[in-house]
Amino acid sequence: GRTLMVSQQEVPGMLELMAQAMLAHPQDALLQSRGCHCLALLMRMVQHVGDLNQACLTIIMKTVLKAYDSHYEHQSAVRDVSFLLRSLLEPRHGQDPQAEWAQKQLAQHLQQEGTHRQLESSTKHFCGFVDARRFAELFENTLACIVLLNGAGRMLNFLKESADLQGHPTLCAAGMKALFELGSSRSSVLSEANGILLDGGIVAQGCQGVQAALRQLVRHPDEALKQAAVLLDGLCDALSRQ
């Protein structure tokens, strides 16, 4: 078969067309899910978020927020909405001040819309299932978005608040994996973490605070959780020595 080649110049127009099609069918959860996934994949062809014009970013944000509002307890929709949000907010290697400014503007808009609270609510919903292990990918993306919107401290506190839920070990492993990936690309995610609530009412910060939170969260004999904790702990050690 023939391979369709798309140039970078064509991507903004394709993003807008896809977003418009999604807005025409807001109640179709599967279409919203697949649409968000495709938008996220197209975003990979954009060097930096700041390269997109305001009209393109505006319709993408309108589309993703409407999809989330309509399907916040639909597994595939939440998974792909958070995948798209992460692709919009996650720092990229070598991005310039314009891209950072654009991402800060997007984050502020999402905070004003209460998206961070919606992410926590959706995550808790799926974490309550007995077979929550199958939602690991969803958890990793929703938790990464919480970090990108409200910081590592808030995400670690959320993990602690969710300790009584069935899927807590899977949730913690996903959160630590997300923190490791984000901290590897931008060390300030860990070094500037603040407001981390520990047992006894202690408030911690920075890499040492993250490590203290890890020790309190890793209390379950779950192998994936232990492995994720070891990687994140090692990264914190390395950053602390710099």
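A word on terms: helices (H or I, at least four residues) and strands (E, at least two) are DSSP runs, numbered from the N terminus. A pocket, on a 1 Å grid over the protein atoms alone, is an open set of points with protein on both sides within 12 Å along at least five of seven lines, while a cavity is a set of points where a 1.4 Å probe fits but cannot get out. Lining residues have an atom within 4 Å of a point. Grid points are joined across faces, edges and corners, and a volume is the space filled by probe spheres set on the points.

Two notes on the source. This is a predicted model, in which local features need pLDDT of at least 70 and side-chain atom pairs count only at pLDDT 80 or more, while totals for chains, interfaces and linings use all residues. Residues are numbered from 1 along each chain as its sequence is written, and side-chain values use heavy atoms, with hydrogens and water left out.

The largest pocket holds about 510 Å³ of space. It has 20 lining residues, and Val147, Leu148, Arg186, Ser188 and Val189 are the closest to its centre. At least two lining residues each come from α5 (97-112), α7 (136-150), α8 and α10 (188-191). The largest share, four residues, is from α5. By type, the pocket lining has eight nonpolar, seven polar and five charged residues. Here Ala, Val, Leu, Ile, Met, Phe, Trp, Tyr, Cys and Pro count as nonpolar, Asp, Glu, Lys and Arg as charged, and the others, Gly among them, as polar.

How many cavities of 30 Å³ or more does a search of the whole structure find? The search finds one. The largest cavity has a volume of about 50 Å³. Its lining consists of Leu156, Lys160, Ile196, Leu197, Leu198, Ala213, Gln216 and Leu217. Two or more of these residues come from each of α8 (152-161), β1 (196-197) and α11 (206-217). With three residues, α11 gives the largest share. Six residues of the cavity lining are nonpolar, one is polar and one is charged.

The rule asks for a side-chain nitrogen of Lys or Arg within 4 Å of a carboxyl oxygen of Asp or Glu. The count by this rule is 13. For exposure, buried means under 20% relative accessible area, exposed over 50%, and partly exposed in between (1.4 Å probe, protein chains only).

Lys160 forms a salt bridge with Asp199, at 3.0 Å from N to O. This pair joins helix α8, which holds Lys160, to the loop between β1 and β2 (203-204), which holds Asp199, across 39 residues. Lys160 is partly exposed at 31%, and Asp199 is also partly exposed, at 35%.

Glu120 sits in helix α6 (residues 115-127), and the two are 34 residues apart. Arg154 is partly exposed at 23%.

Lys177 is in helix α9 (residues 168-185) and Glu140 in helix α7, 37 residues apart. Lys177 is partly exposed at 42%, whereas Glu140 is buried at 12%. Both belong to a network of salt bridges that also links Arg86, Glu90 and Glu181.
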